[in-house]
Amino acid sequence: MELESETAGDVTVITVRADRIDAPVAIRFKDQMYDQLPGAKGRVLLDLKHVRFIDSSGLGALVAAMKMTAPDRKLELAGLAQPVAKVFRLTRLDQVFTIHDDVATAMGGQRIAT
Amino acid sequence: MPPDSPQGALSEPGRLRTTGPGVEDLSLVFPAKHIVVRQVTGLVLDALRHLDLSVDEGGTAELLLAEVLNNIVDHAYRKGEGGRVSLRMRPAGSSVLFEVRDGGASMPGGELPFGKAPELSEDIHTLPESGFGWFLLRALARDIRYVRTENENQLYFTLCLDHVTL
């Protein structure tokens with residue numbers, strides 16, 4: 001479970017370099033978000049393009065991360081695979097998070113240096 | 001103390017039964033640990049591959065199993081105890097029947113949690129971080145039944161595969 005953070009203008013993109021956010025790694029994920037988020041000013045965009053599976057532990061960790069950015073910022077998510085998007089829809093958490101198709105869409109065409 | 005990896009499908013071929021063309025029963029025994037639960041769901045998905053699951057159905061099966069089994073890891077047994085869990089899977093018509101047993105603590109009140117949709121209020125700080133699991137289980141599985149015997153929890157549930165006729 002690795003989080004890679006990149007800032008472009010007023011957006012911090014945090015890429016989750018793992019294919020699962022589930023019970024074995026949910027606490028580690030939360031801890032790493034606690035480390036990364038305080039340094040992020042402006043918009044925070046979590047890129048989940050590598051994630052293929054998320055369970056209720058993973059959802060809980062994401063809600064905890066959302067609370068960390070509130071009230072100043074709303075945690076934004078991008079690149080949700082079909083099974084992940086479905087879990088958000090079922091629990092109606094897709095109405096709590098701002099969800100983009102991908103990072104490019106979220107950035108509105110601005111490029112990030114890679 | 002059961003070994004750290006699931007026994008059954010791979011190491012004991014005698015426990016696999018073929019009941020139809022390419023469709024197999026599955027019987028596994030394993031310790032209640034999160035990392036083992038991942039392996040077990042992988043084995044179940046492999047066994048279901050014969051049924052040509054859609055991405056959606058595979059995702060549903062994986063999530064359903066994760067919620068049921070992780071709940072046993074977290075609540076039936078004491079933290080890190082790694083108590084015994086058994087899982088049996090049997091195809092039946094266009095469904096797959098599951099039976100999961102563990103020797104841990106009973107469900108509170110002797111019943112399954114209601115699993116109502118978590119309350120999502122305007123105030124971000126009151127958002128729930130738990131309680132999604134039982135809601136998801138009830139949304140994804142059918143015919144969920146819980147039985148508590150003297151020493152054992154037994155959970156029965158069904159995964160419906162609408163497009164499959166076996």
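User: How many helices and strands are in the secondary structure of chain A?
Analyst: Four helices and seven strands. Helices here are DSSP runs of H or I with at least four residues, strands are runs of E with at least two, and both are numbered from the N terminus. This is a predicted model: local features need pLDDT of at least 70, side-chain atom pairs count only at pLDDT 80 or more, and totals for chains, interfaces and linings use all residues. Residues are numbered from 1 along each chain as its sequence is written, chains are lettered from A in the order in which they are written, and side-chain values use heavy atoms, with hydrogens and water left out.

User: And in what order do the elements of chain A run?
Analyst: From the N terminus, β-β-β-α-β-β-α-β-α-β-α.

User: What is the radius of gyration of chain A?
Analyst: 13 Å, close to the 13 Å that the globule rule gives for 114 residues, so chain A is as compact as a globular protein of that length. The radius is taken over C-alpha atoms, and the rule is 2.2 Å times the number of residues to the power 0.38. Along the principal axes, the C-alpha atoms fill a box of roughly 35 × 25 × 25 Å.

User: How much of chain A is buried?
Analyst: 54% of the 114 residues. Buried means under 20% relative accessible area, exposed over 50%, and partly exposed in between, with a 1.4 Å probe and protein chains only.

User: Switching to the interface. How many residues of chain A are in contact with chain B?
Analyst: 27 residues of chain A, with 25 residues of chain B. Contact means heavy atoms within 4.5 Å.

User: What area do the two chains bury between them?
Analyst: About 2300 Å², 65% of it on carbon and sulfur atoms. That is the accessible area (1.4 Å probe) the two parts lose on being put together, summed over both.

User: How many salt bridges are there between chain A and chain B?
Analyst: Five. The rule is a side-chain nitrogen of Lys or Arg within 4 Å of a carboxyl oxygen of Asp or Glu. One pair is Lys30(A) with Glu129(B), at 4.0 Å, N to O.

User: Which elements of chain A supply at least two residues to the side that touches chain B?
Analyst: β5 (53-54), α2 (56-69) and α3 (82-90). α2(A) gives the most, with seven residues. By class, that side has 16 nonpolar, four polar and seven charged residues. Ala, Val, Leu, Ile, Met, Phe, Trp, Tyr, Cys and Pro count as nonpolar, Asp, Glu, Lys and Arg as charged, and the others, Gly among them, as polar.

User: Tell me about α3(A). Which of its residues are buried?
Analyst: Val84(A), Lys86(A), Val87(A) and Phe88(A). They pack against β5, α2, β6 (76-78) and β7 (98-100) of chain A, together with α2 (55-76) and α3 (132-140) of chain B. After α3(A) comes Arg92(A), with a positive phi near 65 degrees.

User: Back to salt bridges. What does Glu4(A) meet?
Analyst: Arg17(A), at 2.8 Å, N to O. Glu4(A) is in strand β1 (residues 3-8), while Arg17(A) is in the loop between β2 (11-16) and β3 (20-21), 13 residues apart. Glu4(A) is partly exposed at 34% relative accessibility, and Arg17(A) is partly exposed at 40%.

User: And Asp47(A), buried or exposed?
Analyst: Buried, at 4% relative accessibility. Its side chain meets that of Lys49(A) in a salt bridge of 3.0 Å, N to O. Lys49(A) is partly exposed at 44%.

User: Which residues are linked in a network of salt bridges?
Analyst: Arg20(A), Asp22(A), Arg38(B) and Glu62(B).
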